[in-house]
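Hi,

Here is the structure I said I would send over.

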Amino acid sequence: MKPRKQHVVLLWMLICSGLTEGIEPISTSIAVGMAAALTGFLASYPNILYYFHECCRPEWISFNKTGLQKDLDSKLFGQHIASRIVLKAVNGFMNNDNPKKPLVLSLHGWTGTGKNFVSKLIAENIYKEGMDSSFVHVFTSELHFPHASEIETYKSQLQQWIKGNVTNCAHSMFIFDEMDKMHPGLIDSIKPYLDYYDKLDGVSYRKAMFIFLSNAGGESIIQTALDFWRDGRDRNEIELHDLETALSLSVFNNKKSGLWHTSLIDKNLVDFFVPFLPLEYKHVVQCAMAEMEARGFDPDKDVADQVAKDVIYFPKTERVFSVKGCKTIESKLDYYI
Ligand SMILES: Nc1ncnc2c1ncn2[C@@H]1O[C@H](COP(=O)(O)OP(=O)(O)OP(=O)(O)O)[C@@H](O)[C@H]1O
Ligand SMILES: [Mg+2]
């Protein structure tokens with residue numbers, strides 16, 4: 001039986017408006033009566049609370065492929081490879097009722113190219129509450145795990161946190177930002193959860209999603225993009241295989257990177273490496289236009305050009321790529337509008 005809309009609204013008003021507190025003095029019989037009515041109501045409509053409180057249910061968690069495709073096409077600029085891989089990976093995983101392992105994506109690229117932004121788009125097209133969902137968890141190395149001396153404590157806290165949350169909801173999402181700055185021991189401690197285990201201590205992690213963000217490999221991606229640019233080739237012609245070798249070599253060989261020390265890569269625990277290309281002038285213009293629109297202004301190309309001209313580009317000779325990607329556009333725009 002489905003609750004009628006009026007009932008839902010009434011109950012919502014009763015519970016959330018403080019109406020019950022307003023009846024003063026409230027007689028015991030009224031209180032008992034109301035409690036009984038409420039209990040009866042909840043017994044008749046057991047699913048009612050799911051309407052109001054985020055739960056690990058399809059009402060709150062369901063993948064919107066068209067939405068993600070639309071967002072990637074219209075909101076993410078200059079990332080044709082990342083866009084394609086992300087859609088394919090997330091769609092394949094979310095449509096699989098019985099995945100063999102959790103989905104592990106590793107997003108790599110220069111600063112301000114859209115790694116956090118894409119994680120947000122993924123979350124928004126799976127969880128009704130997007131990044132605010134209680135099933136989406138973000139960890140930042142320097143914020144959550146700042147002291148190398150505390151590593152043992154962090155390890156057990158992180159393991160307990162992951163276990164607790166996946167027990168609570170199989171479709172949990174964990175985003176690890178600044179993965180290249182994360183202590184190798186800490187990466188090692190989450191490895192079992194990424195692997196092909198049916199269950200670990202009675203908990204299955206196979207429907208969870210792990211997204212790692214890092215700048216590791218960013219320079220090798222830039223080099224490939226620059227080679228294409230110097231050869232006069234369209235950047236849309238860059239294919240994943242043009243970047244893959246250089247990317248894995250630089251991630252493997254970067255001894256400072258936490259990723260290098262762990263066997264995350266050679267154990268094939270990462271399902272997809274997602275490269276993010278450095279952004280050019282035209283992308284910065286697009287970012288400025290999008291930001292104006294997001295603020296409710298009519299996008300003005302002249303203003304966007306001014307913002308894009310204010311940005312620093314590299315390498316020094318050709319000035320092709322934005323040093324900070326689209327990262328400072330939001331604040332720069334304040335000067336011009
Ligand atoms: N490719 C892009 N398309 C559209 N907007 C973008 C793109 N890249 C960045 N942005 C904008 O810039 C902001 C900052 O980007 P984001 O935080 O995703 O960068 P990042 O790749 O995570 O950088 P870092 O490596 O420094 O963490 C985003 O919130 C978004 O508004
Ligand atoms: Mg980031």
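Below is what I found, starting with the chain and moving on to the ligand.

A word on the ground rules: this is a predicted model, where local features need pLDDT of at least 70, side-chain atom pairs count only at pLDDT 80 or more, and totals for chains, interfaces and linings use all residues. Residues are numbered from 1 along each chain as its sequence is written, while chains are lettered from A and ligands numbered from 1 in the order in which they are written.

The protein chain has 16 helices and seven strands (DSSP runs numbered from the N terminus: H or I of at least four residues for helices, E of at least two for strands). Of its 337 residues, 34% are buried. Buried is 20 or more other C-beta atoms within 10 Å of a residue's own, with C-beta atoms placed from the backbone. Among contacts with a separation of 6 or more, 77% join residues 24 or more positions apart; a contact is two C-beta atoms, placed from the backbone, within 7 Å.

Now the ligand. There are 20 residues around ligand 1, and Thr 111, Gly 114, Lys 115, Phe 117 and Cys 326 come nearest (the cut-off is a C-beta atom, placed from the backbone, within 6 Å of the molecule). Helix α7 (residues 115-124) gives the largest share of that shell, three residues. Domain 2 (65-276) and domain 3 (281-336) each supply at least three residues, the bounds coming from an automatic or database domain assignment. By type, the shell has seven nonpolar, 10 polar and three charged residues. Here Ala, Val, Leu, Ile, Met, Phe, Trp, Tyr, Cys and Pro count as nonpolar, Asp, Glu, Lys and Arg as charged, and the others, Gly among them, as polar.

UniProt (unreviewed entry) has a "binding site" that includes Gly 109, Thr 113 and Lys 115; its annotations may be inferred rather than shown by experiment, feature names are shortened, and positions follow the numbering used here.

Two of those residues are worth a click. Gly 109 sits in strand β1 (residues 103-109) and counts as buried because it has 28 C-beta neighbours inside 10 Å. Leaving aside neighbours within four places in sequence, Gly 109 is in contact with Lys 115, Gly 218, Ile 221, Pro 275, Phe 276 and Leu 277. Thr 113 is in the loop between β1 and α7, and is buried too, with 32 other C-beta atoms within 10 Å. Beyond four places in sequence, Thr 113 touches Phe 276, Leu 277, Pro 278, Leu 279 and Gly 325.

Cheers

Technical notes
Buried ≥ 20, exposed ≤ 12 C-beta atoms within 10 Å, placed from the backbone.
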